Amino acid sequence: MTRSYYESNARARIDALLDADSFHEWLPADARVTSPHLATLELPAAFDDGVVIGRGSIAGKQIFIAAQEGGFMGGAVGEVHGAKIVGVLERAVRDHPAAVLLLLETGGVRLQEANAGLIAVSEVMRAILSARAAGVPVIVAIGGQYGCFGGMGIAARCASTIIMSEEGRLGLSGPEVIETARGVEEYDARDRALVWRTVGGKHRYLLGECDVIVPDSMAAFQQAIIASINNGDAWTLAALEQEHEILSERVQRFGKCKDGRDIWRELGWAEPDAIAMLDNDEFVKAAQGRRAK
Amino acid sequence: MEWRKVADQLFPAGHQVRQDGDLLLGEGHCGERIVAVIGTTNHAEVGVELALAMAAAVIEVIRMHPERPILFLVDTSGQRLRHRDEMLGLNGYMAHLAKCVEMARRWDHPIISLVYEQALSGGFLANGMMADVCASLPEAEIRVMGLPAMARVTRISEERLTQLSVSSPVFAPGAKNYLAMGGLDELWEGDLSACLTKALEHVDATDHRRKRGLERGGRLLADSVVKRVLSSA
C-alpha cells in the first residue's frame, strides 16, 4: 500500500486508512445535507458539504473520523461543514471511541458564509478540547494539497497529536494572504521553497509544531495514527504550563530569525539546505537532538 | 469606545487596568468580586508575543486567584500578517491561548468577553470567542472580511453582496449579525457595569452558540446537523 495521501481525496483516504469495510458514514451524500448559503449565492453545493464523517476502526480500535475534501472549495469551513465536525467531536464525548481522527485539508473559513464559518471553527476548537478533556485523543493528519490554514490551523493545534507529511503545510495566514496584505517583499507566495521553509512538514517537525512526520503514503499515515491512538495524555494545567515554557523559549531563541534556515542552523543543522534532500527516515534520525521542544 | 472609558464604565467602583503597548492587564471591582481584565487595544494585530502575554496572564489568574472571573476586552484587527510570525507557528500560539482559556473554564473561572472596538477573525478566535459569555458594544465591528475584499475573493459583486446581506446575517460584518447567528450572546448598552454583573450571574460552561443561532433565526442548520450526527446509527 504505497498510495499517495497527498494525491488522494477524502473518501480515498478514509478507505485506505481504516480497516476494510469498517467505515459507516454519518449524513452521507444521499442525506443531501448541503449548504443553503451557497445556493443563495448561486454557487454549486456538495452533497457532503466538503467533509466526510463517520465511524470505523483502525487496527481493530473504534474511531470516529472527519475528513475534509480539499477538492470542494479548498476544504473551507461553512455552517454545515463545521457542524458535522462538531457533531463527530460531541459524539466522541458521549460515546468514548478510542480516538477521533481529523484528516484536515482546508484554507479555513469559507468566505461565502464567513460569519457562520468563523463561529463553526470556534465551536470545533471548543469541541476538540472537550473531547480531550473527556479522555478521547484527537489525532490530526495533515498532508493534502491545500494544507491546513486559517482558524483550522489553530484548531489543529488544539488536538492531542498532529501527524504531517513533508508535503503537508500548517499555519494560520496562508502565504497569499500575507503577500496580498504586506507585499511580495514580506512573503513571496510563489517562492515554493520559502513557503516550505515557513509552513512545511519538516519545519513544523523541527519547531515542535507537529509531533510525527511521515512519508507521503497511506501506509505511513496509518502506522502513525495507530501509534498515536493510545496517546490520550491527561490534558492538565501542568502540561499547559510546560507548553507555555516551550513557546516562550521559542520566541526568545528564534524570534530574530529571518528564515526557516536560520532556525535550523540554530538547532544545530550545519547545512540547513541539505534538509530538503533527506528522505523521511534519514530526516527523522538526523533530527534527534536537533529539534526544538 | 476608548478602553479607559469602557473600563471606567464597567467598574465604577474602581479598577487597576493598565496599558502596556497593545496589551491591557489588571483587575476591576464588580460588586463584591474582583474581575481579572486581559485585553488588547489599538486594534492590535495579534502576533506570537501578544498571544503569549495573554496566555501568561490567564495562567497566572488560574494559579494565583482561584475562581476569579476573567474579562477579555477585545480590540483586534486580527492575527499579525507577517512571515516571521507564521514561521514561528502563530497558529500554535493562538491555540495555546485558546487552551489556556479553556483550562480556566475547567478550573471554574467564569469567562466573559466584550468586543469594545474591533474583532477580526484569527485575533478573536483565540480569546473572545472562547468565553462563556461573549458580548459586544453595538457599534463594534466584528467580521472575517469586509464586503469589498469578499467581493474580490468570491467574484460576486459588492452590490449583490450588500443586497443579500440585508436578509442574511451569514457573511456581512457587524455585531448584530453575530448576535443573530449566536456567535455573540448579547449586546451591552447603557449601564455596562450592570451588564457585567448580570453576565457574571448567568455564566455556564456549555457552548450554547448553535442553539442561540437557531432561536434567533440566524443560523438554522448547525444545531440540527449536530443533533443528526448524534442520533445517527
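Mentor: Two strands count as paired once DSSP finds at least two bridges between them. Keep that cut-off handy, and remember that this is a predicted model.

Trainee: Okay, so what makes β3(A) and β4(A) a parallel pair?

Mentor: Five bridges join β3 (residues 61–68) to β4 (residues 99–103) in chain A, and the two strands run parallel. The definition asks for at least two bridges, so they pair. Within that pair, F64(A) stands opposite V100(A).

Trainee: And what holds paired strands together in general?

Mentor: Backbone hydrogen bonds, in either the parallel or the antiparallel arrangement.

Trainee: Why are β1 and β7 of chain A called edge strands?

Mentor: Start with the sheet: seven strands in the order β1-β2-β3-β4-β5-β6-β7 of chain A, open, with mixed pairing. β1 (24–26) and β7 (212–214) each pair on one side only, and that puts them at the edges. From one strand to the next, the twist averages 25 degrees.

Trainee: Over to chain B. How do you know that β1(B) and β2(B) pair?

Mentor: Same test: at least two bridges are needed, and β1 (residues 18–20) and β2 (residues 23–30) of chain B have three, in the antiparallel sense. D20(B) sits opposite L23(B) there. The two strands form a hairpin with two residues between them, and G21(B) in the turn has a positive phi of about 65 degrees.

Trainee: What about β2(B) and β3(B), how many bridges do they have?

Mentor: Eight, again antiparallel, with β3(B) covering residues 33–40. G28(B) faces V35(B) across that pair. This hairpin has two residues between its strands too, and G31(B) takes a positive phi near 60 degrees.

Trainee: What makes a residue of chain B count as buried, and what share does?

Mentor: The cut-off is 20 or more other C-beta atoms within 10 Å of its own. Of the 233 residues, 55% count as buried.

Trainee: Last one: what makes two residues of chains A and B count as in contact, and how many are there on each side?

Mentor: Their C-beta atoms must lie within 7 Å. By that test, 64 residues of chain A touch 62 of chain B. On the chain A side, α4(A) gives the most, with 13 residues. By class, that side has 36 nonpolar, 14 polar and 14 charged residues.

How values were computed:
Residues numbered from 1 in each chain as written. Chains lettered and ligands numbered in written order. Predicted model: local features only at pLDDT ≥ 70, side-chain atom pairs only at ≥ 80, totals over all residues. Buried ≥ 20, exposed ≤ 12 C-beta atoms within 10 Å, placed from the backbone. Helix = DSSP H or I, 4+ residues; strand = E, 2+ residues; numbered from the N terminus. Nonpolar A, V, L, I, M, F, W, Y, C, P; charged D, E, K, R; others polar. Axes fitted to C-alpha atoms, helices over the stretch in contact; angles between N-to-C directions.
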